Amino acid sequence: MQILSPFELEGNIMRSLGTDWMLITAGTEEKFNTMTASWGGMGILWNKSVVFAFVRPQRYTYEFMENNDYFSLSFYDKSWARALKFCGTNSGRDVNKAKVTGLTPIFDEKAPYFEQANLTVICRKLYAQDMEPGSIIDPDLNQYYRGNDFHRVYVGEMTRVLVKDEHQWAVTGAQ
């Protein structure tokens, strides 16, 4: 894995988030959980490189996001699609997702992540706020909240970006 600046990443983050999916992982070596997500973003806020992650309160990962200062976002190649689907359709309350999927957790950062990831972003929580029904301007978006199960939005500062050398992400200027 190479460590690089968020500004050294090149690639199609829209495809990685929306089509290829990612895992949001939080917790400690003693207890952690991961979930599949296809909503999120990266950008600049408060003069910091940040990510935006969305987690519903009923998800098991939510309690880990709430109780820890750091979380990770990790991205995979298509060969891991089945594992990511499993992580998105099964609860960590009921099953050890890492054991079932063959994902190998790593705990050498402030948030757990997985050895198989091509790109991992370690994030420090800066802000969290629940989405509110009255703030949705486009009424078509209410289709995502028929159960009034609005996401909590987390803004995390990108504290470390890890990229596998052979990954599709171009690494420019990295030493």
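User: How do the residues lining the largest pocket divide by type?
Analyst: In this predicted model, the lining of the largest pocket divides into six nonpolar, four polar and two charged residues, where Ala, Val, Leu, Ile, Met, Phe, Trp, Tyr, Cys and Pro count as nonpolar, Asp, Glu, Lys and Arg as charged, and the others, Gly among them, as polar. Local features need pLDDT of at least 70 and side-chain atom pairs 80 or more, while totals for chains, interfaces and linings use all residues. Numbering starts from 1 along each chain as its sequence is written, and side-chain values use heavy atoms, without hydrogens or water.

User: Which residues line the largest pocket?
Analyst: The lining is made up of Trp21, Met35, Thr36, Ala37, Ser38, Trp39, Phe54, Val55, Arg56, Arg59, Gly88 and His151. A pocket is an open set of 1 Å grid points over the protein atoms alone, where a 1.4 Å probe fits, with protein on both sides within 12 Å along at least five of seven lines, and lining residues have an atom within 4 Å of a point.

User: Which elements give two or more residues to that lining?
Analyst: Those are strand E4 (32–37) and strand E6 (48–55), and E4 gives the most, with three residues. Helices (H or I, at least four residues) and strands (E, at least two) are DSSP runs numbered from the N terminus.

User: And how much space lies in there?
Analyst: About 240 Å³, the volume being the space filled by probe spheres set on the points, which are joined across faces, edges and corners.

User: Switching to helix H3, which residues are buried?
Analyst: In H3, which spans residues 81–89, Ala83, Leu84 and Cys87 are buried, that is, under 20% relative accessible area with a 1.4 Å probe and protein chains only, whereas exposed means over 50% and partly exposed lies in between.

User: Why are they on the same side of H3?
Analyst: Because they cover an arc of only 100° around the axis, taken from the directions from the helix axis to the C-beta atoms. The face of H3 turned away from the buried side carries the exposed residues Arg82, Lys85 and Thr89.

User: What do the buried residues of H3 pack against?
Analyst: They pack against strand E3 (22–27), E4 and helix H4 (97–101), with contact meaning heavy atoms within 4.5 Å.

User: Why does Leu84 count as buried?
Analyst: Leu84 counts as buried because its relative accessibility is 1%. Leu84 also lies 9.6 Å from Lys97 in space, C-alpha to C-alpha, with the two 13 residues apart in sequence.

User: And the chain overall, how many helices and strands?
Analyst: The chain has four helices and twelve strands, and buried residues make up 43% of its 175 residues. Among contacts between residues at least 6 apart in sequence, 73% join residues at least 24 apart.
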